[in-house]
Amino acid sequence: MNLKEKKYKLPGDASSREFFRVKKGIIVYARKNKKNNLLNYEAINRIFNQNKVLAPKLIHQEYEKNFMILEDLGNKSLYKEIKKKKIK
């Protein structure tokens with residue numbers, strides 16, 4: 001996995017994770033509780049997908065190096081969509 005390619009930092013969530021867009025997907029990098037943090041994040045996404053809630057699927061993981069790559073679902077966020085509907 002080439003992590004030297006150009007990365008674009010994305011806004012994060014309220015966690016210690018960082019998100020970067022690359023050609024192959026979204027890199028999720030954990031700063032705290034590293035491996036456990038990533039395993040939990042990926043498990044929740046798997047549960048969402050199993051229940052037909054769209055969530056990024058795992059493409060590649062290197063938990064021992066504190067990162068994984070998820071599919072890129074684009075720029076839309078649930079928060080932005082809800083906010084748009086409230087304004088109308």
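How many bridges join strand 1 to strand 2, and do these strands run parallel or antiparallel?

1. In this predicted model, strand 1 is joined to strand 2, which covers residues 17–22, by three bridges, and the two run antiparallel. Within this pairing, Lys9 is found opposite Phe20 of strand 2.

2. The sheet as a whole is open and consists of five strands in the order 1-2-3-5-4, paired in antiparallel fashion. Its edges are formed by strand 1 (8–10) and strand 4 (58–62), each of which pairs on one side only, and from one strand to the next the twist averages 25 degrees.

3. Helix 1, made up of residues 34–50, packs on this sheet, where it touches strand 2, strand 3 (25–30), strand 4 and strand 5 (67–70), and its direction makes about 20 degrees with that of strand 5.

4. The length of helix 1 can be checked: at 1.5 Å a residue, its 17 residues should span 24 Å, and the end C-alpha atoms lie 25 Å apart, which agrees.

5. The buried residues of helix 1 include Asn37, Leu38, Tyr41, Glu42 and Asn45. Viewed down the helix axis, the buried residues of helix 1 fall within an arc of 120 degrees, so they line one face of the helix. Strand 2, strand 3, strand 4 and strand 5 are among the elements that cover them.

6. After helix 1 comes Lys52, which has a positive phi, near 65 degrees.

Terms used
Residues numbered from 1 in each chain as written. Predicted model: local features only at pLDDT ≥ 70, side-chain atom pairs only at ≥ 80, totals over all residues. Heavy atoms only, no water. Pairing = 2+ DSSP bridges. Helix = DSSP H or I, 4+ residues; strand = E, 2+ residues; numbered from the N terminus. Axes fitted to C-alpha atoms, helices over the stretch in contact; angles between N-to-C directions. Contact = heavy atoms within 4.5 Å. Expected span 1.5 Å × (residues − 1). Buried < 20%, exposed > 50% of the residue type's maximum accessible area, 1.4 Å probe, protein only. Arc of directions from axis to C-beta.
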